[in-house]
Amino acid sequence: MLLELQNIVAGYGSIMALKGISLSVPEGSIVSLIGANGAGKSTTMKTIMGLVSPREGEIRFKGKPLAGTKPYQVVHEGISLVPEGRQILQNMSVEENLYLGAYQRSDKGGIAADLKKVYDRFPRLEERKKQFGGTLSGGEQQMLAIGRAVMARPELLLLDEPSMGLAPIVVQEIFDVIKDINGSGTTILLVEQNAKKALQIADYAYVMETGHIVLQGKASEVAANPQVTAAYLGGKK
Amino acid sequence: MFFQQLINGLNLGSAYAVIAIGYTLVFGVLNIINMAHGEIFMFGAFIGLMLVTAAGANIFVALIGAMLGGAVLGFFLEYLALRPLRRRKVTHLAPLISTIGVSIFLESLALKIWGPQTQSFPPQFEGALMNAGLFKVSMIQIVGFGTAIVLMVLLTLLLDKTKIGKAVKATSENIETAGLLGINTSRIITFTVMLASSLGAAAGVLVGLSFNAIEPTMGMTMGFKGLAVLIMGGLGNIRGAMMGGFILGIAEVFSVAYGASSYRDAVAFGIIILILFFRPEGLFSKAGKGGRP
(Lines give C-alpha, C1' and ligand atoms only; values in the text may rest on other atoms or scores of the structure.)
Protein backbone atom coordinates (compact mmCIF):
# COMPACT_ATOMS: atom_id res chain seq x y z
CA MET A 1 0.00 0.00 0.00
CA LEU A 2 1.22 3.48 -0.85
CA LEU A 3 -0.94 5.19 1.77
CA GLU A 4 -2.72 3.67 4.73
CA LEU A 5 -4.91 5.31 7.35
CA GLN A 6 -5.72 3.24 10.42
CA ASN A 7 -8.47 4.24 12.85
CA ILE A 8 -7.88 7.95 12.42
CA VAL A 9 -9.70 10.17 14.89
CA ALA A 10 -9.26 13.87 14.16
CA GLY A 11 -11.09 17.15 14.25
CA TYR A 12 -11.24 20.71 15.43
CA GLY A 13 -11.36 21.56 19.13
CA SER A 14 -13.76 19.21 20.83
CA ILE A 15 -15.61 18.30 17.63
CA MET A 16 -14.28 15.15 16.00
CA ALA A 17 -14.92 15.21 12.26
CA LEU A 18 -13.26 11.82 11.80
CA LYS A 19 -14.40 9.12 14.20
CA GLY A 20 -12.03 6.30 13.42
CA ILE A 21 -11.57 5.89 9.70
CA SER A 22 -9.33 3.42 7.92
CA LEU A 23 -8.57 3.44 4.25
CA SER A 24 -5.80 2.39 1.94
CA VAL A 25 -4.59 3.64 -1.41
CA PRO A 26 -2.70 1.08 -3.53
CA GLU A 27 0.15 2.31 -5.69
CA GLY A 28 -0.86 3.38 -9.19
CA SER A 29 -4.61 3.43 -8.48
CA ILE A 30 -7.31 6.07 -8.38
CA VAL A 31 -9.21 5.93 -5.10
CA SER A 32 -12.36 8.02 -4.64
CA LEU A 33 -13.77 9.19 -1.36
CA ILE A 34 -17.40 10.23 -1.71
CA GLY A 35 -20.01 11.46 0.70
CA ALA A 36 -22.26 14.36 1.57
CA ASN A 37 -21.21 17.76 2.86
CA GLY A 38 -19.76 17.54 6.35
CA ALA A 39 -19.02 13.83 6.14
CA GLY A 40 -15.35 14.49 6.91
CA LYS A 41 -13.83 14.14 3.45
CA SER A 42 -11.87 17.39 3.51
CA THR A 43 -10.74 16.75 7.08
CA THR A 44 -9.35 13.42 5.90
CA MET A 45 -7.27 15.26 3.29
CA LYS A 46 -6.12 17.88 5.78
CA THR A 47 -5.12 15.17 8.25
CA ILE A 48 -3.02 13.40 5.63
CA MET A 49 -1.29 16.71 4.75
CA GLY A 50 -0.53 17.52 8.38
CA LEU A 51 -2.84 20.54 8.53
CA VAL A 52 -4.91 18.74 11.17
CA SER A 53 -3.20 16.48 13.71
CA PRO A 54 -4.90 13.17 14.41
CA ARG A 55 -5.90 12.44 18.01
CA GLU A 56 -5.65 8.72 17.47
CA GLY A 57 -4.63 6.34 14.76
CA GLU A 58 -1.81 6.03 12.32
CA ILE A 59 -1.06 7.27 8.83
CA ARG A 60 1.56 5.34 6.91
CA PHE A 61 3.04 6.42 3.60
CA LYS A 62 5.30 3.91 1.84
CA GLY A 63 5.36 2.01 5.11
CA LYS A 64 6.63 4.96 7.16
CA PRO A 65 4.49 6.73 9.78
CA LEU A 66 3.36 10.19 8.68
CA ALA A 67 1.20 11.44 11.53
CA GLY A 68 2.47 14.59 13.21
CA THR A 69 4.57 15.84 10.31
CA LYS A 70 4.16 19.40 9.03
CA PRO A 71 2.69 20.13 5.58
CA TYR A 72 6.05 21.00 4.00
CA GLN A 73 7.49 17.72 5.28
CA VAL A 74 4.53 15.79 3.87
CA VAL A 75 5.20 17.45 0.51
CA HIS A 76 8.81 16.38 0.84
CA GLU A 77 7.71 12.76 1.35
CA GLY A 78 5.93 12.90 -2.01
CA ILE A 79 2.32 13.89 -1.37
CA SER A 80 0.71 17.01 -2.86
CA LEU A 81 -2.77 18.39 -2.30
CA VAL A 82 -4.97 20.30 -4.71
CA PRO A 83 -6.93 22.06 -1.99
CA GLU A 84 -10.64 22.69 -1.82
CA GLY A 85 -11.42 26.08 -3.36
CA ARG A 86 -8.10 25.89 -5.31
CA GLN A 87 -6.27 28.40 -3.05
CA ILE A 88 -4.47 30.09 -5.91
CA LEU A 89 -2.06 32.84 -4.87
CA GLN A 90 -4.13 35.73 -6.19
CA ASN A 91 -1.43 38.39 -6.26
CA MET A 92 1.24 36.29 -7.91
CA SER A 93 1.45 35.43 -11.59
CA VAL A 94 0.36 32.12 -13.05
CA GLU A 95 3.98 31.22 -13.71
CA GLU A 96 5.07 32.16 -10.18
CA ASN A 97 2.29 29.93 -8.83
CA LEU A 98 3.60 27.05 -10.91
CA TYR A 99 7.22 27.62 -9.92
CA LEU A 100 6.22 27.69 -6.26
CA GLY A 101 4.71 24.26 -6.79
CA ALA A 102 8.26 23.04 -7.46
CA TYR A 103 9.58 24.89 -4.39
CA GLN A 104 11.39 21.90 -2.90
CA ARG A 105 13.03 20.85 -6.13
CA SER A 106 16.35 22.16 -7.34
CA ASP A 107 16.70 20.30 -10.66
CA LYS A 108 16.35 23.28 -13.01
CA GLY A 109 16.13 21.17 -16.14
CA GLY A 110 13.46 18.92 -14.70
CA ILE A 111 11.43 21.87 -13.48
CA ALA A 112 11.55 23.53 -16.90
CA ALA A 113 10.49 20.27 -18.55
CA ASP A 114 7.59 19.84 -16.13
CA LEU A 115 6.52 23.44 -16.66
CA LYS A 116 6.38 22.76 -20.38
CA LYS A 117 4.30 19.64 -19.73
CA VAL A 118 1.81 21.66 -17.67
CA TYR A 119 1.58 24.27 -20.45
CA ASP A 120 1.09 21.53 -23.05
CA ARG A 121 -1.71 20.06 -20.97
CA PHE A 122 -3.29 23.46 -20.23
CA PRO A 123 -2.48 25.83 -23.11
CA ARG A 124 -4.68 28.50 -21.54
CA LEU A 125 -2.28 28.74 -18.60
CA GLU A 126 0.59 29.49 -20.96
CA GLU A 127 -1.43 32.25 -22.63
CA ARG A 128 -2.06 33.78 -19.22
CA LYS A 129 1.30 33.05 -17.60
CA LYS A 130 2.05 36.69 -16.75
CA GLN A 131 -1.42 37.41 -15.35
CA PHE A 132 -2.16 37.40 -11.65
CA GLY A 133 -3.74 34.19 -10.39
CA GLY A 134 -6.72 36.17 -9.13
CA THR A 135 -7.70 37.22 -12.65
CA LEU A 136 -8.32 33.66 -13.88
CA SER A 137 -11.74 32.06 -14.22
CA GLY A 138 -12.77 29.26 -11.88
CA GLY A 139 -11.89 26.55 -14.39
CA GLU A 140 -8.52 28.10 -15.16
CA GLN A 141 -7.77 28.39 -11.45
CA GLN A 142 -8.54 24.71 -11.02
CA MET A 143 -6.18 23.87 -13.88
CA LEU A 144 -3.55 26.07 -12.24
CA ALA A 145 -4.07 24.36 -8.88
CA ILE A 146 -3.64 20.94 -10.48
CA GLY A 147 -0.64 22.07 -12.53
CA ARG A 148 0.95 23.59 -9.45
CA ALA A 149 0.53 20.39 -7.44
CA VAL A 150 1.97 18.29 -10.27
CA MET A 151 5.03 20.57 -10.40
CA ALA A 152 6.12 18.99 -7.11
CA ARG A 153 6.29 15.60 -8.91
CA PRO A 154 4.27 13.88 -6.20
CA GLU A 155 3.94 10.12 -5.96
CA LEU A 156 0.50 10.61 -4.46
CA LEU A 157 -1.78 13.43 -5.57
CA LEU A 158 -4.71 14.37 -3.36
CA LEU A 159 -7.56 16.29 -5.00
CA ASP A 160 -10.22 17.90 -2.84
CA GLU A 161 -13.44 18.65 -4.76
CA PRO A 162 -11.75 19.54 -8.06
CA SER A 163 -15.07 19.85 -9.91
CA MET A 164 -16.76 22.16 -7.41
CA GLY A 165 -18.45 25.17 -8.99
CA LEU A 166 -17.31 24.43 -12.54
CA ALA A 167 -19.30 24.26 -15.77
CA PRO A 168 -20.04 20.68 -16.97
CA ILE A 169 -17.69 20.93 -19.94
CA VAL A 170 -14.85 22.02 -17.68
CA VAL A 171 -15.68 19.27 -15.20
CA GLN A 172 -15.20 16.69 -17.96
CA GLU A 173 -11.87 18.26 -18.88
CA ILE A 174 -10.70 18.14 -15.25
CA PHE A 175 -11.64 14.45 -14.92
CA ASP A 176 -9.85 13.65 -18.18
CA VAL A 177 -6.75 15.36 -16.82
CA ILE A 178 -6.95 13.39 -13.57
CA LYS A 179 -7.08 10.13 -15.52
CA ASP A 180 -4.21 11.35 -17.64
CA ILE A 181 -2.05 12.18 -14.61
CA ASN A 182 -2.82 8.74 -13.17
CA GLY A 183 -1.87 7.19 -16.51
CA SER A 184 1.59 8.72 -16.25
CA GLY A 185 2.19 6.91 -12.96
CA THR A 186 0.87 9.16 -10.19
CA THR A 187 -1.42 7.59 -7.60
CA ILE A 188 -4.59 9.58 -6.95
CA LEU A 189 -6.84 10.03 -3.94
CA LEU A 190 -9.89 11.98 -5.02
CA VAL A 191 -12.55 13.58 -2.82
CA GLU A 192 -15.70 14.46 -4.72
CA GLN A 193 -19.32 15.37 -4.34
CA ASN A 194 -19.83 14.53 -7.99
CA ALA A 195 -20.08 10.86 -7.07
CA LYS A 196 -21.05 9.66 -10.51
CA LYS A 197 -17.95 10.99 -12.21
CA ALA A 198 -15.72 10.06 -9.31
CA LEU A 199 -16.89 6.44 -9.41
CA GLN A 200 -16.46 6.29 -13.17
CA ILE A 201 -12.74 7.00 -13.12
CA ALA A 202 -11.84 5.30 -9.81
CA ASP A 203 -10.52 1.80 -9.16
CA TYR A 204 -11.62 1.77 -5.52
CA ALA A 205 -14.10 3.85 -3.62
CA TYR A 206 -14.97 4.68 -0.03
CA VAL A 207 -18.26 6.20 1.08
CA MET A 208 -18.15 8.46 4.13
CA GLU A 209 -20.98 9.52 6.40
CA THR A 210 -20.57 11.73 9.50
CA GLY A 211 -17.00 10.75 10.20
CA HIS A 212 -17.24 7.05 9.43
CA ILE A 213 -16.51 4.93 6.39
CA VAL A 214 -19.82 3.21 5.71
CA LEU A 215 -19.02 1.38 2.51
CA GLN A 216 -15.97 0.45 0.52
CA GLY A 217 -15.01 -1.70 -2.43
CA LYS A 218 -14.25 -1.67 -6.11
CA ALA A 219 -15.65 1.47 -7.68
CA SER A 220 -17.97 -0.51 -9.96
CA GLU A 221 -19.38 -2.43 -6.99
CA VAL A 222 -19.88 0.70 -4.95
CA ALA A 223 -21.62 2.34 -7.90
CA ALA A 224 -23.97 -0.65 -8.15
CA ASN A 225 -24.89 -0.60 -4.47
CA PRO A 226 -28.57 0.35 -4.14
CA GLN A 227 -27.99 2.64 -1.17
CA VAL A 228 -25.28 4.54 -3.00
CA THR A 229 -27.48 4.79 -6.07
CA ALA A 230 -30.28 6.23 -3.98
CA ALA A 231 -28.19 8.63 -1.94
CA TYR A 232 -25.52 9.86 -4.35
CA LEU A 233 -26.38 8.95 -7.91
CA GLY A 234 -29.80 10.53 -8.21
CA GLY A 235 -31.82 7.42 -7.37
CA LYS A 236 -32.16 6.05 -10.89
CA LYS A 237 -30.10 3.30 -12.29
CA MET B 1 13.01 77.40 -1.08
CA PHE B 2 10.44 75.03 -2.52
CA PHE B 3 13.00 72.74 -4.13
CA GLN B 4 15.23 72.87 -1.10
CA GLN B 5 12.38 71.72 1.10
CA LEU B 6 11.43 69.04 -1.38
CA ILE B 7 14.98 67.65 -1.18
CA ASN B 8 14.85 67.70 2.62
CA GLY B 9 11.46 66.04 2.58
CA LEU B 10 12.59 63.30 0.22
CA ASN B 11 15.54 62.64 2.46
CA LEU B 12 13.44 62.32 5.60
CA GLY B 13 10.75 60.42 3.72
CA SER B 14 13.20 57.82 2.45
CA ALA B 15 14.07 56.93 6.05
CA TYR B 16 10.38 56.71 6.99
CA ALA B 17 9.81 54.47 3.99
CA VAL B 18 12.55 52.04 5.05
CA ILE B 19 11.10 51.87 8.57
CA ALA B 20 7.57 51.35 7.28
CA ILE B 21 8.69 48.54 4.98
CA GLY B 22 9.92 46.69 8.05
CA TYR B 23 6.46 46.90 9.62
CA THR B 24 4.88 45.89 6.34
CA LEU B 25 6.98 42.75 5.89
CA VAL B 26 6.21 41.48 9.38
CA PHE B 27 2.55 42.37 9.07
CA GLY B 28 2.45 40.42 5.83
CA VAL B 29 3.62 37.08 7.20
CA LEU B 30 2.28 37.30 10.76
CA ASN B 31 -0.72 39.63 10.55
CA ILE B 32 0.47 41.51 13.59
CA ILE B 33 2.09 44.86 14.13
CA ASN B 34 5.58 44.47 15.52
CA MET B 35 5.61 47.06 18.30
CA ALA B 36 9.31 46.41 18.94
CA HIS B 37 10.30 47.63 15.47
CA GLY B 38 10.91 51.20 16.66
CA GLU B 39 13.28 49.99 19.38
CA ILE B 40 15.18 47.84 16.89
CA PHE B 41 15.50 51.01 14.81
CA MET B 42 16.93 52.77 17.88
CA PHE B 43 19.35 49.90 18.55
CA GLY B 44 20.48 50.11 14.93
CA ALA B 45 21.33 53.78 15.43
CA PHE B 46 23.35 53.02 18.57
CA ILE B 47 25.15 50.05 17.03
CA GLY B 48 26.12 52.24 14.07
CA LEU B 49 27.24 54.98 16.44
CA MET B 50 29.35 52.57 18.52
CA LEU B 51 31.01 51.18 15.42
CA VAL B 52 31.94 54.68 14.26
CA THR B 53 33.00 56.19 17.61
CA ALA B 54 34.41 53.20 19.51
CA ALA B 55 35.69 51.07 16.63
CA GLY B 56 36.51 53.87 14.22
CA ALA B 57 34.63 52.21 11.41
CA ASN B 58 33.67 53.83 8.15
CA ILE B 59 30.00 54.86 7.99
CA PHE B 60 29.12 52.18 5.42
CA VAL B 61 30.75 49.48 7.52
CA ALA B 62 28.76 50.83 10.47
CA LEU B 63 25.58 50.61 8.40
CA ILE B 64 26.22 46.98 7.53
CA GLY B 65 27.16 46.22 11.13
CA ALA B 66 23.92 47.81 12.34
CA MET B 67 21.94 45.75 9.83
CA LEU B 68 23.58 42.55 11.04
CA GLY B 69 22.88 43.57 14.63
CA GLY B 70 19.27 44.28 13.68
CA ALA B 71 18.95 40.87 12.07
CA VAL B 72 20.26 39.20 15.24
CA LEU B 73 17.75 41.16 17.35
CA GLY B 74 15.03 40.15 14.89
CA PHE B 75 15.99 36.51 15.27
CA PHE B 76 15.68 36.65 19.05
CA LEU B 77 12.46 38.65 18.81
CA GLU B 78 10.93 35.96 16.66
CA TYR B 79 12.40 33.02 18.53
CA LEU B 80 11.62 34.22 22.05
CA ALA B 81 8.54 36.44 21.74
CA LEU B 82 6.61 35.25 18.69
CA ARG B 83 7.31 31.58 17.98
CA PRO B 84 6.25 30.16 21.38
CA LEU B 85 2.90 31.92 21.01
CA ARG B 86 2.39 30.58 17.51
CA ARG B 87 2.89 27.01 18.66
CA ARG B 88 0.28 27.36 21.33
CA LYS B 89 -2.60 28.73 19.24
CA VAL B 90 -3.29 31.62 21.60
CA THR B 91 -5.36 34.70 20.79
CA HIS B 92 -4.34 36.87 17.90
CA LEU B 93 -3.48 39.77 20.22
CA ALA B 94 -0.94 37.87 22.32
CA PRO B 95 2.02 38.34 19.95
CA LEU B 96 1.20 42.05 19.72
CA ILE B 97 1.44 42.34 23.49
CA SER B 98 4.66 40.33 23.60
CA THR B 99 6.29 42.68 21.08
CA ILE B 100 5.31 45.60 23.32
CA GLY B 101 7.12 43.76 26.11
CA VAL B 102 10.20 43.41 23.93
CA SER B 103 10.08 47.11 23.05
CA ILE B 104 10.02 48.11 26.74
CA PHE B 105 12.88 45.70 27.46
CA LEU B 106 15.00 47.06 24.60
CA GLU B 107 14.42 50.67 25.58
CA SER B 108 15.40 49.97 29.20
CA LEU B 109 18.43 48.02 28.03
CA ALA B 110 19.54 50.95 25.86
CA LEU B 111 19.11 53.35 28.79
CA LYS B 112 21.28 51.06 30.90
CA ILE B 113 24.01 50.70 28.27
CA TRP B 114 24.14 54.14 26.70
CA GLY B 115 22.44 56.41 29.25
CA PRO B 116 19.60 58.85 28.69
CA GLN B 117 21.54 61.68 27.04
CA THR B 118 21.34 62.46 23.37
CA GLN B 119 24.39 61.44 21.38
CA SER B 120 25.45 62.12 17.83
CA PHE B 121 27.69 60.85 15.10
CA PRO B 122 31.01 62.65 14.67
CA PRO B 123 30.70 64.94 11.64
CA GLN B 124 30.76 62.93 8.43
CA PHE B 125 31.67 64.27 5.01
CA GLU B 126 32.31 67.68 6.51
CA GLY B 127 31.59 70.70 4.41
CA ALA B 128 30.68 68.71 1.36
CA LEU B 129 27.77 70.63 -0.06
CA MET B 130 26.63 70.62 -3.61
CA ASN B 131 25.04 73.72 -4.95
CA ALA B 132 22.68 73.13 -7.82
CA GLY B 133 21.42 76.70 -8.02
CA LEU B 134 17.84 76.07 -6.97
CA PHE B 135 18.85 73.99 -3.99
CA LYS B 136 21.79 72.73 -2.00
CA VAL B 137 22.39 69.11 -1.17
CA SER B 138 24.72 67.97 1.53
CA MET B 139 26.78 64.85 1.16
CA ILE B 140 24.98 63.35 4.15
CA GLN B 141 21.66 63.81 2.38
CA ILE B 142 22.97 62.17 -0.76
CA VAL B 143 24.37 59.24 1.19
CA GLY B 144 21.23 58.88 3.28
CA PHE B 145 18.80 59.13 0.41
CA GLY B 146 20.95 57.00 -1.87
CA THR B 147 21.31 54.26 0.73
CA ALA B 148 17.57 54.19 1.38
CA ILE B 149 16.83 53.92 -2.34
CA VAL B 150 19.42 51.16 -2.80
CA LEU B 151 17.91 49.22 0.11
CA MET B 152 14.42 49.54 -1.38
CA VAL B 153 15.57 48.43 -4.83
CA LEU B 154 17.44 45.46 -3.36
CA LEU B 155 14.40 44.46 -1.33
CA THR B 156 12.12 44.67 -4.37
CA LEU B 157 14.52 42.51 -6.36
CA LEU B 158 14.73 40.03 -3.50
CA LEU B 159 10.95 39.71 -3.29
CA ASP B 160 10.26 39.57 -7.02
CA LYS B 161 13.21 37.63 -8.38
CA THR B 162 14.49 35.18 -5.80
CA LYS B 163 13.01 31.92 -4.61
CA ILE B 164 13.07 32.90 -0.95
CA GLY B 165 11.48 36.26 -1.83
CA LYS B 166 8.64 34.53 -3.63
CA ALA B 167 8.23 32.24 -0.63
CA VAL B 168 7.90 35.36 1.56
CA LYS B 169 5.22 36.72 -0.77
CA ALA B 170 3.37 33.39 -0.84
CA THR B 171 3.51 33.11 2.96
CA SER B 172 2.19 36.68 3.24
CA GLU B 173 -0.72 35.98 0.97
CA ASN B 174 -1.81 32.64 2.41
CA ILE B 175 0.27 30.80 4.97
CA GLU B 176 -1.68 27.55 4.67
CA THR B 177 -1.28 27.42 0.90
CA ALA B 178 2.41 28.22 1.24
CA GLY B 179 2.81 25.22 3.54
CA LEU B 180 0.95 22.97 1.11
CA LEU B 181 3.36 24.02 -1.64
CA GLY B 182 6.23 22.70 0.44
CA ILE B 183 7.41 25.97 1.97
CA ASN B 184 8.72 25.74 5.53
CA THR B 185 6.65 28.72 6.64
CA SER B 186 8.14 28.82 10.12
CA ARG B 187 11.59 29.38 8.65
CA ILE B 188 10.21 32.00 6.24
CA ILE B 189 8.67 33.88 9.16
CA THR B 190 12.02 33.93 10.99
CA PHE B 191 13.76 35.13 7.83
CA THR B 192 11.17 37.87 7.29
CA VAL B 193 11.40 39.20 10.85
CA MET B 194 15.22 39.25 10.56
CA LEU B 195 15.04 41.03 7.20
CA ALA B 196 12.54 43.59 8.53
CA SER B 197 14.67 44.21 11.61
CA SER B 198 17.82 44.73 9.59
CA LEU B 199 15.98 47.34 7.51
CA GLY B 200 14.76 49.01 10.70
CA ALA B 201 18.32 49.11 12.05
CA ALA B 202 19.59 50.58 8.77
CA ALA B 203 16.96 53.31 9.00
CA GLY B 204 18.23 54.02 12.52
CA VAL B 205 21.70 54.76 11.20
CA LEU B 206 20.30 56.92 8.37
CA VAL B 207 18.11 58.98 10.70
CA GLY B 208 20.93 59.21 13.25
CA LEU B 209 23.20 60.59 10.54
CA SER B 210 20.71 63.10 9.18
CA PHE B 211 19.44 64.46 12.48
CA ASN B 212 22.41 63.92 14.75
CA ALA B 213 20.25 62.96 17.68
CA ILE B 214 20.43 59.41 18.97
CA GLU B 215 18.70 58.58 22.24
CA PRO B 216 17.03 55.54 23.78
CA THR B 217 13.54 57.03 23.42
CA MET B 218 13.85 57.81 19.72
CA GLY B 219 12.30 54.45 18.83
CA MET B 220 8.89 55.32 20.21
CA THR B 221 8.24 58.44 18.10
CA MET B 222 9.73 56.86 15.01
CA GLY B 223 7.79 53.69 15.63
CA PHE B 224 4.49 55.56 15.64
CA LYS B 225 5.39 57.35 12.43
CA GLY B 226 6.28 54.08 10.73
CA LEU B 227 3.00 52.67 11.97
CA ALA B 228 1.08 55.62 10.52
CA VAL B 229 2.82 55.11 7.20
CA LEU B 230 1.99 51.39 7.29
CA ILE B 231 -1.71 52.20 7.66
CA MET B 232 -1.66 55.07 5.16
CA GLY B 233 0.01 52.92 2.50
CA GLY B 234 -2.46 50.10 2.93
CA LEU B 235 -1.65 47.41 5.50
CA GLY B 236 0.91 44.99 4.19
CA ASN B 237 1.51 46.78 0.90
CA ILE B 238 5.23 47.32 0.24
CA ARG B 239 4.87 49.93 -2.50
CA GLY B 240 2.29 51.69 -0.36
CA ALA B 241 4.75 51.84 2.52
CA MET B 242 7.43 53.35 0.26
CA MET B 243 5.12 56.03 -1.11
CA GLY B 244 3.55 56.66 2.29
CA GLY B 245 6.99 57.26 3.78
CA PHE B 246 7.77 59.93 1.21
CA ILE B 247 4.39 61.61 1.67
CA LEU B 248 4.84 61.83 5.44
CA GLY B 249 8.43 63.07 5.13
CA ILE B 250 7.54 65.80 2.63
CA ALA B 251 4.44 66.84 4.58
CA GLU B 252 6.51 67.26 7.75
CA VAL B 253 9.27 69.24 6.15
CA PHE B 254 6.86 71.57 4.37
CA SER B 255 4.83 72.24 7.47
CA VAL B 256 8.04 73.31 9.22
CA ALA B 257 9.21 75.42 6.28
CA TYR B 258 5.94 77.21 5.76
CA GLY B 259 5.47 78.45 9.25
CA ALA B 260 3.93 75.70 11.30
CA SER B 261 7.02 74.24 12.91
CA SER B 262 5.39 73.55 16.25
CA TYR B 263 2.55 71.81 14.45
CA ARG B 264 4.78 69.60 12.36
CA ASP B 265 3.49 66.31 13.69
CA ALA B 266 -0.07 67.61 13.83
CA VAL B 267 0.03 68.61 10.16
CA ALA B 268 1.60 65.32 9.11
CA PHE B 269 -0.84 63.18 11.03
CA GLY B 270 -3.73 65.46 9.98
CA ILE B 271 -2.88 64.62 6.36
CA ILE B 272 -2.89 60.93 7.21
CA ILE B 273 -6.32 61.25 8.84
CA LEU B 274 -7.59 63.07 5.74
CA ILE B 275 -6.21 60.40 3.42
CA LEU B 276 -7.75 57.63 5.49
CA PHE B 277 -11.04 59.53 5.54
CA PHE B 278 -11.26 59.25 1.78
CA ARG B 279 -9.46 55.95 1.35
CA PRO B 280 -9.93 53.92 4.54
CA GLU B 281 -8.22 50.89 2.99
CA GLY B 282 -5.04 52.93 2.54
CA LEU B 283 -3.63 54.75 -0.46
CA PHE B 284 -2.28 51.85 -2.44
CA SER B 285 -4.21 48.80 -1.44
CA LYS B 286 -6.42 47.17 -3.99
CA ALA B 287 -9.92 47.24 -2.59
CA GLY B 288 -11.24 43.90 -1.44
CA LYS B 289 -7.91 42.19 -1.16
CA GLY B 290 -7.24 43.03 2.43
CA GLY B 291 -4.26 45.12 1.38
CA ARG B 292 -1.74 42.33 0.87
CA PRO B 293 1.48 42.88 -1.11
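**Exercise 1. Contacts and overall form of chain B.** Among contacts in chain B between residues at least 6 apart in sequence, what percentage join residues at least 24 apart?

*Solution.* The model is predicted: local features need pLDDT of at least 70, side-chain atom pairs count only at pLDDT 80 or more, and totals for chains, interfaces and linings use all residues. Residues are numbered from 1 along each chain as its sequence is written, and chains are lettered from A and ligands numbered from 1 in the order in which they are written.

Step 1. Of the contacts in chain B between residues at least 6 apart, 76% join residues at least 24 apart.

Step 2. List the elements, which are DSSP runs numbered from the N terminus: helices (H or I, at least four residues) and strands (E, at least two). Chain B has eleven helices and two strands.

Step 3. Compare the radius of gyration, taken over C-alpha atoms, with the globule rule (2.2 Å times the number of residues to the power 0.38). The radius for chain B is 19 Å, close to the 19 Å that the rule gives for 293 residues, so chain B is as compact as a globular protein of that length.

**Exercise 2. Helix α1(B).** Describe the span and the cover of α1(B).

*Solution.* Step 1. The expected span is 1.5 Å times one less than the number of residues. Helix α1(B), residues 2–30, has 29 residues and reaches 41 Å from its first C-alpha to its last, close to the expected 42 Å.

Step 1. A residue is buried if 20 or more other C-beta atoms, placed from the backbone, lie within 10 Å of its own. In α1(B), 23 of the 29 residues are buried.

Step 2. Just after the helix, N31(B) has a positive phi of about 60 degrees.

**Exercise 3. Where the chains touch.** Which element of chain B gives the largest share of the side that touches chain A?

*Solution.* Step 1. In total, 17 residues of chain B are in contact with 20 residues of chain A.

Step 1. The largest share of this side of chain B, five residues, comes from α6(B).

Key: Buried ≥ 20, exposed ≤ 12 C-beta atoms within 10 Å, placed from the backbone. Contact = placed C-beta atoms within 7 Å.
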